[in-house]
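The following explanation leads the reader through a structure, beginning with the fold of one chain and ending with its contact with another.

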Amino acid sequence: MEETKKQEQTTTHKIGIYLWIWGLLFVLSFFSYMVDWYQFQGLLRWSLILLFMFLKAGLIMAFFMHLFWERYALVNVLLWPMTAIACFIFLMVAEFEYTVFTRIFYFVAGG
Amino acid sequence: MSDPKIEGYVFKPGFSGMAQDTGSDQTMFKGVHWGKAMMWIFLLSDTFIFSCFLISYMKGRGSTLVEWPNPSEVFALDAFGVPVPLLLIAIMTFVLITSSGTMALAVKYGYEKNRKMCAWLILATAIGGLTFVGMQAFEWSKLIHEGVRPWENPFGAKQFGSFFFMITGFHGTHVSIGVIFLFIYAYKTFAGHYDEKKRGWFTTMKGDYVEIEILGLYWHFVDLVWVFIFAFFYLW
């Protein structure tokens, strides 16, 4: 909210906030590379990858693409369709599990 | 932040502003530059395209009984005789983030009407993007030499190649188009087209620094997509 008040006077944001986000993105990328470097496996690996991915994506969208300062109508127009993608992911997870099941059932177990 | 003021129209912040926007007379997003609104709509549709690619990759990888090639071995690069996992991909990620940062600063300096600083930063962004495309070309030719094809590869499941070339190729095309536009906009900024409100080549629209923000949205989106490709294709 502080930022909103300032922007009405100056119309741009301080350089510091961009440099901070830039630095954070570097650090987060480094961390996600370290996930592979140390060869974390299993649930730890997947949760760390997803955590760093969503943090990076959130920072880029919120500050570099200015969504944090944009009007709510635009934010909602952009973010609600993502639920459709989430639904599609769940559908396709069910689909590939079924495909794997039929492949094991017919090709490996022999029907 | 770029939105021009409309005479007699006061925009309310928060949810009342959202109600005002969606229930607005004639047009939604009053006072927002149309190019910016259209860029957001385009990026939303592009999000769906890349989501479909990544979801089909998930489905393909999840449903095969053959072992998937290990990306940290496939994309390893020899540095001083030692194979370093994902070395090139990590460098590409840092290059793209760097160019995203310079673009964000270019947008800021554009709105401050700092023409030279803005133009130099756009040029830096373009060079960063060009470096990225160059490294991707190197990566592609390395894998093609090793025998990776869309229909087969020496490492494991055959589907690997088709997903790899499709997803990184589509992203690389986006980067290449972005680089072309970045060079054009760097020239236009250096030439002062946005200060003297010169009209564009294909449009009667008057030049304005909001165009830098629109270009910036596209460039940040390319970086955003790479975040997801890096996580799902290279790290998973």
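**From fold to interface**

Along its sequence, chain B runs through the pattern α-α-α-β-β-α-α-α-α. The model described here is a predicted one. In total, chain B contains seven helices and two strands. Taken along the principal axes, the box filled by the C-alpha atoms of chain B is roughly 65 × 40 × 30 Å.

One helix pair in chain B may be followed in detail. Helix α2(B), residues 34-63, packs with helix α6(B), residues 159-190, at an angle of about 165°, and their axes are 10 Å apart. Because this angle is over 145 degrees, α2(B) is roughly antiparallel to α6(B). The two helices, α2(B) and α6(B), cross in a left-handed sense. On the side of α2(B), the contact is formed by B:F53, B:L54, B:Y57 and B:G60, and these meet B:Q159, B:F163, B:M166, B:I167 and B:F170 of α6(B). By class, the residues of this contact comprise seven nonpolar, two polar and no charged.

The length of α6(B) can be checked against expectation. With 32 residues at 1.5 Å a residue, α6(B) should span 46 Å, and because its end C-alpha atoms are 46 Å apart, the two values agree. After α6(B) comes B:G192, which has a positive phi, near 80°.

Chain A is likewise assigned domains: domain 1 covers 2-70 and domain 2 covers 81-111. The centres of domain 1 of chain A and domain 2 of chain A, taken over C-alpha atoms, are separated by 32 Å.

How many residues of chain A are in contact with chain B? There are 43 residues of chain A in contact with 42 residues of chain B. On chain A, the elements that each give two or more residues to the side touching chain B are α1 (2-10), α2 (15-37), α3 (42-64), α4 (72-79) and α5 (82-108). Of these, α2(A) provides the largest share of that side, eleven residues. Sorted by class, the side of chain A that touches chain B has 28 nonpolar, ten polar and five charged residues.

Terms used. Residues are numbered from 1 along each chain as its sequence is written. Chains are lettered from A and ligands numbered from 1 in the order in which they are written. This is a predicted model: local features need pLDDT of at least 70, side-chain atom pairs count only at pLDDT 80 or more; totals for chains, interfaces and linings use all residues. Domain bounds come from an automatic or database domain assignment. Two residues are in contact if their C-beta atoms, placed from the backbone, lie within 7 Å. Helices (H or I, at least four residues) and strands (E, at least two) are DSSP runs, numbered from the N terminus. Ala, Val, Leu, Ile, Met, Phe, Trp, Tyr, Cys and Pro count as nonpolar, Asp, Glu, Lys and Arg as charged, and the others, Gly among them, as polar. Axes are lines fitted to C-alpha atoms, for helices over the stretch in contact, and angles run from 0 to 180 degrees between N-to-C directions. Angles under 35 degrees count as roughly parallel, over 145 as roughly antiparallel, 65 to 115 as roughly perpendicular and the rest as oblique. A crossing is left-handed if the near helix is turned anticlockwise from the far one by less than a right angle, and right-handed if clockwise. The expected span of a helix is 1.5 Å times one less than its number of residues.
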